[in-house]
Amino acid sequence: MATTNPTLKKGVHHDILQWSVKLPAWQRDALRRIVENGPLSEQDIDELSAACRHANGCDEESVPELVPLAAEHIPTRNENAEKVTVSSISEPENVNAVDSQQSLPFAPSGLTIVFGYNGSGKSGYGRILRRACRARNKGDAILPNVMANAPDGPASAVITYALNDVEQSPEQWIDGQRAIDLLGSISFFDADCASVHVRDKNDVAFTPFGLDVLPTLGESCKAIQSKLNVEKASLESDVPKFLNSIHATGSTVVGKTLPSLKSSTKTEDLDVLASLSNAELKRLKDIPIQLASDPQKTAKELRTRAGRIASLQKTIAEGSKALSDSAIASIKSLADDAMTKAKAAKVAAKANFSNEPLSDIGEPVWRELWEAARRYSAVAIPDGEFPVTDTEDAVCVLCQQSLDADAKDRLSRFEDFVRDDSAQQAAKAKTALQNAIKTLDGLGLRNDALGEQLKDVEASGNATSVVVRQQLATLLRRLRAVQQANETDAWDFAIPGVLQETIDAKLISLIASLQAKAMEVEKSADVAERRKLESTLAELKARDWLATVLGDVKEYVSRLVDIDKLKKAIKQTKTTAITAKSKELAKEYVTDQLRDAFANEIKGMKQGTQRLNVELVPAVGQYGSTYYRVQLVGASKADIGTIVSEGEHRCIALACFLSELATEPSKSTVVFDDPVTSLDHHWRGCFAQRLVDEAAQRQVVVFTHDIVFLQDLLHGADESNASIQIQHLEVRKANSGLVEHGLPWDAKSVGDRIDKLEKDVRAAKPLYENLQHEEYKTRVEGVYGKLRATIEKVVEEQLFYRVVVRHRDYINLKELRKTAAITDDHCLRVKKLFDKCCNITDAHHRSPSRSFSVPTPADALNDLSELTSIVNAVKAEQRNV
């Protein structure tokens with residue numbers, strides 16, 4: 001019995017499994033999903049968010065059943081470094097449309113090729129191995145035949161494997177259940193499982209197998225944390241309206257309780273606080289009556305009203321003074337003065353600047369521009385006196401263009417004009433007018449407070465309020481008249497309305513009356529007792545109000561409970577422990593051996609004279625993960641993700657995958673499923689040769705639908721004298737995955753094709769003998785169609801001795817003289833047989849009037865013998881060259 005190698009590590013996944021036992025159940029389930037299927041989907045995140053919320057007490061309608069990561073979920077590492085090879089897959093059930101009676105064998109060593117065109121069932125067999133063996137991405141569960149009434153149940157198959165070349169008893173594999181342990185030593189590679197991936201910022205990077213699990217968990221925790229934070233923020237942002245009430249603040253018990261509500265607040269205490277006894281309800285009615293005659297409160301109200309009326313009196317007094325007949329006359333005088341001086345300045349400007357390119361010099365808008373230029377000049381040319389025209393390189397401060405003599409003269413005349421007394425006087429007169437208008441705008445005659453102030457006057461019970469309103473209306477009409485005159489320069493308006501001179505005295509008298517009354521009322525106040533009553537009333541009102549919003553208050557407390565639960569859930573999504581463990585695993589498993597193996601792989605990959613000039617350098621990613629960044633040698637800062645082609649990217653992926661295998665002590669099987677997608681024929685050949693070389697070290701299984709890649713594998717195996725076994729898959733009616741030994745028709749040799757056609761003729765012979773003419777005719781036409789294609793293959797491979805081969809990137813000139821063995825007789829015989837095939841097949845439309853005879857089975861066998869004879873004759877001649 002083999003003993004465990006004590007120096008061999010059990011592997012990253014095993015260490016993660018042991019570490020995960022103390023994690024929350026939802027995180028252990030997340031680890032299982034990541035190990036089985038790779039990065040989590042949006043649905044996974046939603047389900048795990050629900051599980052995290054539920055685990056922390058949040059209400060959740062639908063909670064997924066959690067399946068924590070266990071030994072059966074992780075890829076098994078062979079602790080004894082023993083070799084595991086796959087022998088066969090048989091009895092596939094519910095595997096797409098694959099026939100359940102089939103058995104797909106694999107050579108115990110060397111290279112096994114499983115060829116199948118699209119829809120042949122190749123992917124079904126590949127999916128079985130992908131989900132049963134060690135793969136970065138297990139993919140989705142295998143579906144049954146969706147076009148047939150497939151039985152219920154998961155996909156399954158019988159897998160036979162060998163341990164150290166000793167075949168073990170067949171085992172039943174069932175999709176979704178515990179995998180066959182030792183098959184975890186078998187590695188699987190396809191486009192989805194490639195260990196090279198494009199990271200953020202187009203960074204091509206390689207993370208050793210297993211070390212991407214915890215970073216993926218960290219990213220998933222952050223995604224869940226983000227969803228929970230959004231939910232928490234939504235709950236916290238919804239501030240209840242009752243907190244804006246006056247009763248929710250202040251010194252009452254309710255006012256102190258509501259702002260300090262917590263998730264721990266007992267709703268029973270709130271019920272007690274919101275309940276008033278009959279005696280308390282009676283007090284709530286009686287106290288306002290007692291306080292209605294409150295002297296202190298009444299005095300305060302009287303003084304407040306007097307203050308507001310005083311503000312009104314001041315507004316009216318200032319307005320009456322500023323808008324009196326004499327004041328308006330003064331404003332008109334200012335306006336007349338401004339217009340007179342503006343006309344004088346305009347006349348001066350016209351006299352001085354009538355020949356200038358632009359008009360309106362001296363107008364207000366022009367003066368604004370000139371003064372702006374003056375201010376900018378003080379900043380741009382601090383040492384020069386504006387306008388600066390006394391230097392040869394002087395420029396205009398506005399357009400930045402050099403000043404010629406005319407321009408300098410013009411600017412000097414402009415400044416002289418501005419400094420001229422008429423212009424200055426016009427500016428001063430305009431400013432004086434606008435200041436007067438501005439003073440009127442600040443009188444406050446449209447203040448919103450006027451409405452309340454007028455109500456206070458009306459509440460005094462005398463006729464003063466009517467006079468006040470009339471005065472305000474007159475002031476507003478006068479203000480509008482002045483403002484309109486200023487806007488239109490039409491100052492010859494008649495002053496509207498008449499201002500009453502007694503209004504000020506009436507308001508001052510009213511104010512004094514209110515203040516005196518407040519002093520009289522105040523003398524009768526018992527301050528201490530009234531304050532006690534006010535405090536009691538405030539408490540009762542607040543509690544009575546609380547009863548009306550008690551439902552909202554309880555709902556808010558419930559929301560605070562939910563927020564606390566979310567905080568606990570968010571705390572579980574912290575990635576500190578994940579980061580620490582990820583760093584620990586990276587330190588243990590990321591070694592220079594991996595980088596050296598990659599360098600060797602890249603060195604062996606070349607396309608003609610071109611190589612992939614890249615290397616691996618250690619890098620640190622999120623959550624403490626360590627990965628290898630792929631960079632160009634000598635250009636480490638280059639954006640390699642946008643430089644390498646898709647084919648080169650796939651080659652780097654293969655190099656990384658094989659590098660990991662090189663660090664494994666076991667020489668177990670490696671499976672490749674359509675590995676050359678996106679590669680051109682140059683890289684296909686390089687890829688094929690590398691797989692052939694690997695087959696010398698271990699069992700290599702290749703699934704492919706690419707006939708050119710198949711030929712490259714065959715060529716590489718022939719050149720290396722490597723062991724090779726070929727199976728191809730066919731489709732018949734509704735069943736796919738039918739296993740046939742050997743090459744598919746397109747890749748068969750001439751001898752194998754002739755042998756197959758002879759078997760087809762003999763199989764059709766009973767149809768001929770039983771006079772089933774149409775069925776026999778169809779069969780024979782098919783034989784002759786394939787015979788014609790075989791003749792073309794004879795010309796390429798035998799007559800031209802493979803000097804020129806389609807899809808091959810070179811011409812084999814060393815065999816060119818072999819073509820000299822072809823004689824006229826060979827050519828005539830080949831041409832005759834080829835013409836016969838053309839006449840028999842349906843490739844051309846035959847004239848209905850032309851007689852046509854279907855060859856008998858004997859005729860067909862003779863024609864096949866003729867082709868064999870031609871081939872043998874040519875071979876004999878070529879051996880003599």
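Q: In what order do the six strands of the open sheet run?
A: Welcome to this predicted model, where local features need pLDDT of at least 70, side-chain atom pairs count only at pLDDT 80 or more, and totals for chains, interfaces and linings use all residues. Residues are numbered from 1 along each chain as its sequence is written, and side-chain values use heavy atoms, leaving out hydrogens and water. Strands here are DSSP runs (E, at least two residues; helices are H or I, at least four), numbered from the N terminus, and two strands pair if DSSP finds at least two bridges between them. With mixed pairing, the order is β7-β14-β15-β3-β16-β17.

Q: Which strands are the edge strands of this sheet?
A: Strands of a sheet pair through backbone hydrogen bonds, either parallel or antiparallel. An edge strand here pairs on one side only. The two are β7 (187-189) and β17 (735-741).

Q: Which residue of β14 is the bridge partner of F188?
A: Strand β14 (residues 670-673) and β7 pair in the parallel sense over three bridges. In β14, the partner of F188 is V671.

Q: At about what angle does helix α20 run to β7?
A: Angles run from 0 to 180 degrees between N-to-C directions, with axes fitted as lines to C-alpha atoms, for helices over the stretch in contact (heavy atoms within 4.5 Å). Helix α20 (residues 646-662) lies across β7 and β14. Its angle to β7 is about 175°.

Q: How far apart are the C-alpha atoms of R374 and F386?
A: R374 sits in helix α11 (residues 364-380). Along the chain, R374 and F386 are 12 residues apart. Their C-alpha atoms are separated by 6.2 Å.
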